[in-house]
Amino acid sequence: MRLDHISYVTSHDQLADTVQRLGSRLGSTFVDGGVHPRFGTRNFTLPLLNGQYLEVVCPLDHPATDSSPFGRAVLKRANEGGGWLTWVLSVDDVSEVESRLGRSAVDGHRTKPDGTDLKWKQIGVLGTLDDRQLPFFVEWIGNHHPSNDGKAVSKIIKIEIAGQPDVVSNWLGCDTTYAIGDGVDVTWSIQSTNHDENGIVSVHLDTPNGIIIID
């Protein structure tokens, strides 16, 4: 288990502006990730060091947006004005998480504009939808990981989360620091300091432009 990516939500109308703004701040370029047909969303990804990436995702006017948990989570966040959605952990074998959570993973798929197919399994989005301090889990199928799309020049060094570390550790089945991995500091704040919302407050990245904080 390790930190795989972090998701930032924007509206469809603001997608291009958000991608340009964040890419400029981080000194890197986002890649068009294409449409998630099963979830009713579209994303752009920016590769990061340590096999991680940043995702900017928006909801589409599509039936799957309302019918899938991930689509609903993205749409809800977009309707709130956008911002950080959640953090995502990758696992080698999602069946272990399925056993612990008592439900099955769903298949994810998207085709990039260059024709490359990305496939994965994910589980735990219903938990994220109910409580944004809780990450969800992915198992990648194949070797087309988004961290390899482009040149990575920045890395995550710190994540501030509004929430309760014991609740998150119980969800993960292990300590949060162990789950995220070395090199990323996790700090916790209380919900009342984050507009009374749980979830990511800010992400600190070491970039060619210095330490950049995205909140």
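1. C58 counts as buried, because its relative accessibility is 0%; buried means under 20% relative accessible area, exposed over 50%, partly exposed in between, with a 1.4 Å probe and protein chains only. C174 is also buried, with a relative accessible area of 18%. The structure holds 0 disulfides, a disulfide being a pair of cysteine sulfur atoms within 2.5 Å.

2. A note on the basis. This is a predicted model, in which local features need pLDDT of at least 70 and side-chain atom pairs count only at pLDDT 80 or more, while totals for chains, interfaces and linings use all residues. Residues are numbered from 1 along each chain as its sequence is written, and side-chain values use heavy atoms, leaving out hydrogens and water.

3. Strands (E, at least two residues) and helices (H or I, at least four) are DSSP runs, numbered from the N terminus; two strands pair if DSSP finds at least two bridges between them. β2 and β3 run antiparallel, joined by 5 bridges. V35 stands opposite R42 in β3.

4. A further open sheet has 4 strands, in the order β10-β9-β11-β12, again with mixed pairing. Its edges are β10 (185-189) and β12 (210-214), each with a single partner strand, so one side of each is left without a neighbour in the sheet. The twist averages 20° from one strand to the next. Strand β9 (155-162) pairs with β10 in the parallel sense over 5 bridges. A162 stands opposite S189 in β10.

5. Helix α1 (15-26) lies across β11 (199-207) and β12, at about 150° to β12. Axes are lines fitted to C-alpha atoms, for helices over the stretch in contact, and angles run from 0 to 180 degrees between N-to-C directions; contact means heavy atoms within 4.5 Å. What covers the buried residues of α1 includes β1 (2-9), β3 (41-48), β4 (52-59), β11 and β12.

6. Which residues of α1 are buried? They are L15, T18, V19, L22, G23 and L26. They cover an arc of only 120° around the axis, which puts them on the same side of α1; the arc is that of the directions from the helix axis to the C-beta atoms. On the other side of α1, A16, Q20 and S24 are exposed. G27 follows α1, with a positive phi near 70°.
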